[in-house]
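User: Please walk me through this model, starting at the ligand and ending at the helix packing.

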Amino acid sequence: MKVLVAVKRVVDAYVKIRVASDGSGVETANTKMSMNPFDEIALEAAIRLVESGQASEVIAVSIGPDAVQEQLRTALAMGAQRAIHIDASADLEPLTVAKTLQALCARETPDLVILGKQAIDDDSNQTGQMLGALQGWGQATSVSALEFTQGKAVATREIDGGLERLAVTLPGIISVDLRLNDPRHPKLPDIMKAKRAPIEALTLSDLGITANQRLEVLEVREPPTRTPGVRVDSVSELIEKLRNEAGVMP
Ligand code: AMP
């Protein structure tokens, strides 16, 4: 089984986001960038399939400017066998990413594509679903447990009121949720080895893709600052404030 894993470079999850002064987006200059946390989980799941003998190869792919090679080297250090960088701008829409992955699937013929359930920068939660539609493949989204039997991926999803299990015929698509696994931290010798490992380079035009932007960001702004809370000395004072100031009690 050949597994393709899509990894996106995003602002590190522990960095406090700063809005660019011109309101055009989020500041990324001089900001720590990392692999999208859900994609680390996707990669960990794929690497475990190779380690357990269920998959033969994990290919990590990232679409974006040269800087995404940093995340691809992390993917190689974690244990991916190959890495593919598809050169593009950093702000592609999910449909363009899905079409690019579709074209890559035609070249690489993977049995399974694993993605994060969402990228934490745009929170779109669209790419896996769009790729599923474009490919006409089965898909399970937001997967929290995964096993393989009789040529099918059996995926567990946390849904309202319980757990849903789906059998996905391969080739198929899985998008992963936080509880699937704890991704490994690459070891220093593997990080050093990954620095010298080859990364295959492609462009969008190599894959016949044009990056059409259908959405325009009009403005990005900070949420309004909350007025600080006040401490009250008694329940009667609280009720008095709720009644007279907050207007929440009759
Ligand atoms: P999204 O639909 O933007 O929330 O992204 C969902 C998933 O699609 C991510 O977790 C990644 O696995 C994949 N993905 C999105 N954008 C890219 C990209 N530029 N390069 C590689 N994978 C991506």
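User: Which residues come nearest to the ligand?

Analyst: This is a predicted model, where local features need pLDDT of at least 70, side-chain atom pairs count only at pLDDT 80 or more, and totals for chains, interfaces and linings use all residues. Residues are numbered from 1 along each chain as its sequence is written, and side-chain values use heavy atoms, with hydrogens and water left out. A residue is near if one of its heavy atoms lies within 4 Å of the molecule. Of the 18 residues around the ligand, those coming nearest are A6, D39, A119, N125 and T127.

User: How far is the N or O atom in the side chain of D39 from an oxygen atom of the ligand?

Analyst: Polar contacts here are pairs of N or O atoms within 3.5 Å. A6 uses a backbone N or O atom, 2.8 Å from a ligand oxygen. D39 uses its side chain, and the distance to a ligand oxygen is 2.5 Å.

User: What share of the ligand's exposed area does the protein bury?

Analyst: Areas come from the Shrake-Rupley method with a 1.4 Å probe. Taken alone, the ligand exposes 490 Å². The protein buries 98% of that.

User: Which element gives the largest share of the shell around the ligand?

Analyst: Strands are DSSP runs (E, at least two residues), and helices are H or I runs of at least four, numbered from the N terminus. β4 (57-64) and β6 (112-116) each supply at least two shell residues. The largest share, three residues, comes from β4.

User: How do helix α3 and helix α4 pack?

Analyst: Axes are lines fitted to C-alpha atoms over the stretch in contact, with angles from 0 to 180 degrees between N-to-C directions. Helix α3 (residues 94-108) and helix α4 (residues 127-135) have axes 8 Å apart, at an angle of about 50°. Angles under 35 degrees count as roughly parallel, over 145 as roughly antiparallel, 65 to 115 as roughly perpendicular and the rest as oblique. That makes α3 to α4 oblique.

Definitions and conventions:
A polar contact is a pair of N or O atoms within 3.5 Å; within protein, one must be able to donate a hydrogen and the other to accept it, and residues adjacent in sequence count only if both atoms are side-chain atoms.
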